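Welcome! Take a moment to look over the sequence and the 3D view, and then let us walk through them together.

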Amino acid sequence: ENEYSFNETTCLSCPEDSKSELGSSSILDCKCDSFNHYPDNQTSTCLLCPLGFLLENDSNTCQSKFFSFRI
């Protein structure tokens, strides 16, 4: 728990203030405790989604909260 597989032989800890389930295979499996934060694989920290974006829990990525419609 709270680790992910970096490769098939090395496990790395999830960023501080995040958790993962047993058997996680990517930093994207780590879920940040703070609202609207995502795990960043370059800094190994939880970062806030940019203004105008919300965290998509299924993909653990920031998505635009604005939609454009064509009429």
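This is a predicted model: local features need pLDDT of at least 70, side-chain atom pairs count only at pLDDT 80 or more; totals for chains, interfaces and linings use all residues.

## The surface and the overall picture

Of the 71 residues in the protein chain, 24% are buried. Along its principal axes, the C-alpha trace spans about 50 × 20 × 20 Å.

How do the charges sit in the protein chain?

## Strands from end to end

How many helices and strands does the protein chain have? The secondary structure comes to zero helices and eight strands. Read from the N terminus on, the elements run β-β-β-β-β-β-β-β.

Contacts along the chain can also be sorted by how far apart the partners are in sequence. Among contacts between residues at least 6 apart in sequence, 12% join residues at least 24 apart.

Is Ser18 buried or exposed? Ser18 is buried, because its relative accessible area is 10%, and buried means under 20%.

The side chain of Ser18 reaches the backbone oxygen of Pro15 at 2.5 Å. Which residues does Ser18 touch, once its neighbours within four places in sequence are left aside? Its contacts are Asn2, Cys30, Lys31, Cys32, Asp33 and Cys46.

Next comes a pair of strands. Strand S5 (residues 37-40) and strand S6 (residues 45-48) pair in the antiparallel sense over four bridges. Within this pair, Tyr38 stands opposite Leu47 in S6.

The hairpin has four residues between its strands, and Ser44 is found in that loop between S5 and S6. Ser44 has a positive phi of about 55° although it is not a glycine. Most residues other than glycine have a negative phi. Ser44 counts as partly exposed because its relative accessibility is 39%, which falls between the limits of 20% and 50%.

Which residue in S8 is the bridge partner of Phe53? The partner is Ser64.

Here, too, the hairpin has four residues between the strands. Asn60 lies in this loop between S7 and S8, and its phi is near 60°, a positive value in a residue other than glycine. Asn60 counts as buried because its relative accessibility is 2%, and buried means under 20%.

## Gln63 in strand S8

Our last stop is Gln63, found in strand S8. At 37% relative accessibility, Gln63 counts as partly exposed. The side chain of Gln63 makes a polar contact with the side chain of Thr61, at 2.9 Å.

Leaving aside its neighbours within four places in sequence, Gln63 is in contact with Gly52, Phe53, Leu54 and Glu56.

Definitions and conventions:
Residues are numbered from 1 along each chain as its sequence is written. Side-chain values use heavy atoms; hydrogens and water are left out. Buried means under 20% relative accessible area, exposed over 50%, partly exposed in between (1.4 Å probe, protein chains only). A polar contact is a pair of N or O atoms within 3.5 Å; within protein, one must be able to donate a hydrogen and the other to accept it, and residues adjacent in sequence count only if both atoms are side-chain atoms. Contact means heavy atoms within 4.5 Å. Helices (H or I, at least four residues) and strands (E, at least two) are DSSP runs, numbered from the N terminus. Two strands pair if DSSP finds at least two bridges between them.
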